[in-house]
Amino acid sequence: MSEYAALERELVTAIADAPDEAALEAVRISALGKKGRVSELLKGLGSMTPQERREKGPLINGLRDGVQGAIEARKEVLAQAALEARLQAEKLDLTLPLRESAIGRGRVHPISQVVDELTAIFADMGFSIAEGPDIETDWLNFTALNFPPGHPARDMHDTFFFPPDAKGERKVLRTHTSPVQIRTMQAQKPPIRVITPGRTYRCDSDQTHTPMFHQVEGLVIDKTSHLGHLKWILEEFCKAFFEVPSVKMRFRPSFFPFTEPSAEVDIQCSRRGGEIRFGEGEDWLEILGCGMVHPNVLRNCGLDPDEFQGFAWGMGIDRIAMLKYGMDDLRQFFEADVRWLTHYGFRPLDFPTLAGGLSS
Ligand code: DAH
């Protein structure tokens, strides 16, 4: 075997044995690099006699071509193997179900949803939102609202009292959102049109009562608003909120210290098959209290009852949420059970709007 054939065999073996592209490159440099063994032989051609060159030239060029070809072929094999390995390592099972993102998994609590719905409805009628603190003075929660000290209506509220302060005054956890009426009339000049959703507290707990619950108050004060306007507002609200084309309402005379006259409002419903439906049926369901703001309340806020008048209403948010979405136990609202929330909660990016639908 010629020395060239022996060298070619040696190099081709080294090429075939190269385990990766780096090892292959090392072999290439040792053979075809500037000082490689094959390159040196090629350089030697220049100093040969024409006779020698004619004999050895084809052999040396053949050696170079053979080595080059073997390197190319091995390169391809190694690239293919590297691709295979990568495909194996990056295996994807496309049949696996998609894992929900955090924003897809989170839910909006039904109370927050209903507050957003109320806000959308009343904002459309020109109301703004007013808020007040959960801890109130006795004056704001009761006295200013025409509950004189010692008045029996105070006892109906199952109030949580704080210990008396240095002056002997006891703060309370507000028992209703009505003190925000007083705060609003003290802070703004009529015309006033606000709703005031918020937390309220009474010492009570059963299937439909929790010590902390939610109310929304409405207040309209100007020079001409009357019960006819109140009826229209409440009717439009009920239709929009319960998403029905018509509702029948009944105003029953009632008593609240802060309104005169006062009424409780029932809406007509059917309870067939254990399911409540509005806009039909023979049953009545109480949903709110309302009335014309009492002259004493206006006076307590520095407004002249001979000049200003208006109406107010108060409604349990939890109660209308239960009616609309069919929960039967209020206590579960506040247990923070993820299973309950997943079932009754709302998707965070489904904003309630009148145009796009409140609950869909
Ligand atoms: N504050 C009353 C309650 O908690 C609800 C209420 C009734 C509010 C009549 C009002 C109203 O503004 O006019 O029972």
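## A bend in H4

Where does H4 bend by about 40°? The bend sits at lysine 56. A proline, proline 58, follows within four residues. The model is a predicted one.

Helix H4 covers residues 50-89, 40 residues in total. At 1.5 Å a residue it should span 58 Å. Its end C-alpha atoms are 57 Å apart, which agrees. Several H4 residues are buried: Gly57, Ile60, Leu63, Val67, Ala70, Ile71, Arg74 and Leu78. An α-helix has 3.6 residues a turn, so residues three or four places apart point the same way. The cover over the buried residues of H4 includes helix H1 (3-17), helix H2 (21-32) and helix H3 (37-44).

## Overall layout

The protein holds twelve helices and ten strands. Its radius of gyration is 42 Å, well over the 21 Å that the globule rule gives for 360 residues, so the protein is more spread out than a compact globule. Along the principal axes, the C-alpha atoms fill a box of roughly 130 × 55 × 40 Å.

The domain assignment gives two entries: domain 1 (3-90) and domain 2 (106-344). The C-alpha centres of domain 1 and domain 2 lie 90 Å apart. Of the 360 residues, 40% count as buried. Among contacts with a separation of 6 or more, 65% come from residues 24 or more positions apart.

Why is strand E5 described as largely enclosed by the rest of the structure? Ten of the eleven residues of E5 (residues 212-222) are buried, so the strand is largely enclosed. The cut-off for buried is under 20% relative accessible area.

E5 pairs with strand E4 (residues 192-201) through ten bridges, and the two run antiparallel. In that pairing, phenylalanine 213 of E5 is the bridge partner of threonine 200. E5 is also joined to strand E10 (residues 309-316), by eight bridges and again antiparallel. Here glutamine 215 stands opposite glycine 316 in E10.

## Helix H6

Helix H6 (residues 110-124) has 15 residues. From first C-alpha to last it reaches 21 Å, close to the 21 Å expected at 1.5 Å a residue. Glycine 126 follows H6 and has a positive phi, near 95°.

Which residues of H6 are buried? They are Pro110, Ile111, Gln113, Val114, Glu117, Leu118, Ala120, Ile121 and Phe122. These buried residues pack against strands E4, E5 and E10. They also pack against helices H9, H11 (317-325) and H12 (338-344). E4 and E10 are the strands that bridge to E5.

## Glutamine 268 in E7

Glutamine 268 is placed in strand E7 (residues 259-270). Is glutamine 268 buried or exposed? Its relative accessible area is 14%, so it counts as buried. Not counting residues up to four places away in sequence, glutamine 268 touches Lys248, Arg277, Phe278, Gly279, Glu280, Gly281, Asp283 and Trp284.

Most residues other than glycine have a negative phi, and most peptide bonds are trans. Against that background, some sites in the model deserve a look.

The peptide bond from proline 190 to proline 191 is cis, with omega near 5°. Proline 191 lies in the loop between helix H8 (179-187) and E4. Another cis peptide bond joins glutamate 260 and proline 261, with omega about 0°. Proline 261 lies in strand E7, the strand that also holds glutamine 268.

Aspartate 158 is not a glycine, yet its phi is positive, about 45°. It lies in the loop between helix H7 (138-141) and strand E3 (172-173). At 35% relative accessibility, aspartate 158 counts as partly exposed.

What is the phi of glutamate 243? It is near 55°, a positive value in a residue other than glycine. Glutamate 243 is found in the loop between helix H9 (227-242) and strand E6 (249-256). With a relative accessible area of 38%, glutamate 243 is partly exposed. H9, at one side of this loop, is among the elements that the buried residues of H6 pack against.

Methods
Residues numbered from 1 in each chain as written. Predicted model: local features only at pLDDT ≥ 70, side-chain atom pairs only at ≥ 80, totals over all residues. Heavy atoms only, no water. Expected span 1.5 Å × (residues − 1). Bend = angle between axes of the 7 residues up to and from the residue. Buried < 20%, exposed > 50% of the residue type's maximum accessible area, 1.4 Å probe, protein only. Contact = heavy atoms within 4.5 Å. Domains from an automatic or database assignment. Pairing = 2+ DSSP bridges. Rg over C-alpha atoms; globule rule 2.2 N^0.38 Å.
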